[in-house]
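Work through the exercises below with the sequence and the model at hand. Each task is followed by a worked solution.

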Amino acid sequence: MVNLSRNKLIVSALSKHLSLDSNQFSGNVLENDIKSLYNILKSSKNGTRENNNQIMKWIAFAESFPTDSDASFEVLKGLNEDLVPISVLLGNGLKPSDVDVIVFSVIHSSVIGLSKSDREKLPHLLRWVDYIQNKVDLGDAYEKIQLEKAKFEPQGTKAVDKVEIESGAKTTAESTKNADKLEAEVKTKKSEEVKTKKSEEVKTKKSDNVKKGTANKEATQEKKKAPEAETVEKDKEVSVSLLNIQVGLISKAWKHPSADSLLVEEIDVGEGKLRQVVSGLAKYCTPEQLTNRRVVLITNVKPGKLRDVMSEGLVLCASNEDHTIVEPLLPPEGSKVGERISFAGIDGKPEDVLNPKKKQLDKITPHLFTDDQGVATFKGIPFLTSAGPFKFKPIQASKEYRIEWARTVQTMAYPVYGGAVLDWRPCVFV
């Protein structure tokens with residue numbers, strides 16, 4: 001059965017959001033389901049109907065949202081989890097979309113009626129609700145949901161004050177009792193100190209001379225050790241052995257559902273299951289060109305959602321300096337799917353998962369480049385597989401090309417010698 005009051009609120013909020021007159025959508029129009037209502041409003045705005053999969057997914061969520069309080073709370077818990085890595089349901093970064101308005105309209109009455117204890121279980125949902133109701137002009141259709149925001153109060157202040165007061169009172173009482181006793185003891189001690197002072201000064205001078213000699217020796221030794229320890233630690237931090245770089249085979253590739261510049265690939269790295277990786281290669285390769293192609297990828301990066309699609313790796317690519325040509329690096333014939341890339345003379349176990357806070361990729365990147373034969377290297381040491389080194393035919397011959405890790409739309413601020421660049425291109429950054 002159609003919920004007319006709910007539909008009326010959705011029409012009111014969406015009309016405000018789309019700059020339409022809500023009065024033209026009344027009567028029989030309100031008897032449609034949410035998908036039809038949305039298409040009617042969008043057609044009035046720009047003459048087109050929406051059929052985007054992500055939009056339809058959230059409209060279906062709104063259509064099926066239960067009215068029963070217990071059931072609705074369970075659905076809200078699921079929505080709370082969906083909102084952990086994102087600020088808006090569908091949009092470019094922080095810009096609320098049409099579906100944000102629709103979902104907000106549907107869940108508003110359930111959220112405003114939540115108890116304090118239930119609200120505490122939904123921090124990400126309430127953060128999103130507060131953002132939408134303050135960012136989007138919804139008119140007077142909805143009562144503002146009042147949220148308690150954490151107040152900062154320095155810890156320990158009251159307890160310290162109380163201890164100081166009690167301590168001060170006790171000290172005053174005790175000092176009065178002991179004043180006379182202390183005065184007598186001071187006079188006795190003064191006479192004793194005068195006698196021992198001279199002999200102590202002699203001993204002190206001898207002791208100081210011995211200590212100074214020892215301290216100077218220790219300081220010299222520490223100075224020699226410190227640079228050595230720093231060098232070892234620094235080399236460990238930037239060692240390419242921290243990266244788990246493996247040969248993979250793309251078994252399937254398709255376009256990202258909500259980002260034109262991204263592709264999604266399923267890659268076999270010999271784990272018994274396929275890894276899903278999102279790459280910024282849509283402008284340079286078609287899904288058909290990538291299917292059944294061998295690639296090289298870093299597999300120990302922290303998995304995360306990129307535009308709502310999970311990604312579990314970074315594909316290693318070669319490109320020219322201005323990124324007008326980008327192509328995944330091709331492992332040599334005979335290399336095995338899943339095998340780890342090695343470097344002669346460099347041992348070490350890769351991190352289970354790279355720590356983004358340590359910026360390990362940033363520290364390793366300046367030491368990655370291709371030589372004048374097109375061989376990919378770390379500090380001049382070739383990338384090796386069981387079938388030999390990686391080779392890339394340079395775009396410009398007899399040049400040394402830098403390996404760099406691309407960020408957002410711009411590259412890192414490292415100097416590039418020109419020509420082809422080996423490039424980690426995680427999809428979220430392109």
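Predicted model: local features only at pLDDT ≥ 70, side-chain atom pairs only at ≥ 80, totals over all residues.

**Exercise 1.** Describe how helices α1 and α2 pack, and class the residues in their contact.

Solution. Two packed helices are described by the angle and the distance between their axes. For α1 (residues 4-18) and α2 (residues 34-46), the axes come within 11 Å and cross at roughly 25 degrees. Angles under 35 degrees count as roughly parallel, so α1 is roughly parallel to α2. The crossing is right-handed. From α1, the contact takes in Arg6, Asn7, Ile10, Val11, Leu14, Ser15 and Leu18; from α2, Ile34, Leu37, Tyr38, Leu41, Lys42 and Lys45. Sorted by class, the contact has 8 nonpolar, 2 polar and 3 charged residues.

**Exercise 2.** Compare the span of helix α3 with the expected one, then state which of its residues are buried and what covers them.

Solution. Helix α3 (residues 53-64) has 12 residues. From first C-alpha to last it reaches 16 Å, close to the 16 Å expected at 1.5 Å a residue. Its buried residues are Gln54, Ile55, Met56, Trp58, Ile59, Phe61 and Ala62. Their cover includes α1, α2, α4 (69-82) and α5 (98-112).

Key: Residues numbered from 1 in each chain as written. Heavy atoms only, no water. Axes fitted to C-alpha atoms, helices over the stretch in contact; angles between N-to-C directions. Helix = DSSP H or I, 4+ residues; strand = E, 2+ residues; numbered from the N terminus. Parallel < 35°, antiparallel > 145°, perpendicular 65-115°, else oblique. Left-handed = near helix turned anticlockwise from the far one by under 90°. Contact = heavy atoms within 4.5 Å. Nonpolar A, V, L, I, M, F, W, Y, C, P; charged D, E, K, R; others polar. Expected span 1.5 Å × (residues − 1). Buried < 20%, exposed > 50% of the residue type's maximum accessible area, 1.4 Å probe, protein only.
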